[in-house]
Amino acid sequence: MKVNSNRDISFKGFYNNRALKRGLEFAADNGALFAATTTLALSAVVRPVSIWLAPHTDKENKKLACAKSISSSGAGFLLTLALSMPLSSAIKKIDQNPQKYLKSDTIKNLKEGVSTLEQSKSYALATQLFKLGVGLVVAAPKAVLTCAGMPFIMHNLFHKPKPQKNTKQQSPSFKGKCSEKLAQEVGKIIDTKGMQKFSKRHENSNFPMHIIAGTDIINTAAFIHETDKSYKIEENRKKALIYNAGISTALSIISGYIFDKLLDKPAERFIENFKKANKGLPNLEKQIEGFKIAKPIFIIGGIYYMIIPFISTFLADIADHNPRLDIPHKGRKKKELLTPKQL
């Protein structure tokens, strides 16, 4: 059979996929919620399965690690949803009408070298600092809710759950006045010389990865603190849980940066092919921005929820049985511990 060597074999259909474009726009418009949604999807099934497959590991430690994964993703999603939606709506107003919310000098300064504000790396960084920064803001509260929700998850997931009444939930709505006011406040911050100087200095940095890594570090540190002082988690299970969280975060961040660097060239090829397949598309720059946001989220998510749990659960169990690695509990008040059955 004769093959036409001049035939253009490409993934044009893939690059023109409507779901892909919408996903990238969602990542660009609301990076923190995109990360929380991805985390929720992975942690509900993938991470618990990976934890459960860890060899030679105490079953109760596995249960706690699974409960932590589910509780963490649920708390993170709800907190991020509540904070990110109004902020995303406000920044979208600035995107659509920058002259209304930004000074002319700010627009001129951030547009330096490009024809439109959407093509400006400095402007993209300035707005993404707000969008992805939501993750940093909710990191500590998320850890508190994670720790508080674990006994509930343990009781309902690994014991017979009590019948619950159906409750109607309403999706959050944000009034125009709130969004308008928030857009004005964000515009004032972007108007400052300090923000513009910072954005221009770091416009070519890997800021999405840095913010995601920083969020994970803050969340893990807060979780370890809350676990250590919690009276609702059995004392003999805390050590393995703390080591599991620390090992998981350290390994995922280190390996995340390594894989992110290794995938730089494939990512550049994807962007080039995507531009060719969607030449002239009005939202092209926003979709490319979304890809840059989604890349580190999927890398760290894939590592943290698929590979690391298998390793960290096993290593944490070894640390749990090593008396030399006992965690000191100075200053903690003694109080009767509550088991999941007593909650």
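## Exercises on a predicted model

By class, 11 nonpolar, five polar and 12 charged residues make up the lining of the largest pocket. The structure examined here is a predicted model.

**Exercise 1.** Describe the largest pocket by its volume and by the residues that line it.

*Solution.* Begin with the volume, which is about 860 Å³. Next, consider the lining: 28 residues form it, and K121, E203, S205, I271 and K292 lie nearest the centre of the pocket. Then turn to the helices. At least two lining residues come from each of α7 (121–158), α10 (207–229), α11, α12 (264–277) and α13 (284–320). Finally, identify the main contributor: α13 gives the most to the lining, with eight residues.

**Exercise 2.** Determine how helix α3 and helix α4 are oriented to each other.

*Solution.* Two packed helices are described by the angle between their axes and by the distance between those axes. Here, the axes of α3 (residues 31–52) and α4 (residues 59–96) come within 8 Å and cross at roughly 170°. Angles over 145 degrees count as roughly antiparallel; α3 and α4 are therefore roughly antiparallel to each other. By class, the contact of α3 with α4 has 13 nonpolar, nine polar and four charged residues.

**Exercise 3.** Locate I242 and decide whether this residue is buried or exposed.

*Solution.* First, I242 is found in helix α11, which covers residues 235–262. Second, the cut-off for a buried residue is under 20% relative accessible area; I242, at 8% relative accessibility, therefore counts as buried. Third, compare sequence with space: I242 and A221 are 21 residues apart in sequence, and their C-alpha atoms are 9.5 Å apart.

How values were computed
Residues numbered from 1 in each chain as written. Predicted model: local features only at pLDDT ≥ 70, side-chain atom pairs only at ≥ 80, totals over all residues. Heavy atoms only, no water. Helix = DSSP H or I, 4+ residues; strand = E, 2+ residues; numbered from the N terminus. Buried < 20%, exposed > 50% of the residue type's maximum accessible area, 1.4 Å probe, protein only. 1 Å grid on protein atoms, 1.4 Å probe; cavity = no way out; pocket = protein on both sides within 12 Å on 5 of 7 lines; lining within 4 Å. Points joined across faces, edges and corners; volume = space filled by probe spheres on them. Nonpolar A, V, L, I, M, F, W, Y, C, P; charged D, E, K, R; others polar. Axes fitted to C-alpha atoms, helices over the stretch in contact; angles between N-to-C directions. Parallel < 35°, antiparallel > 145°, perpendicular 65-115°, else oblique.
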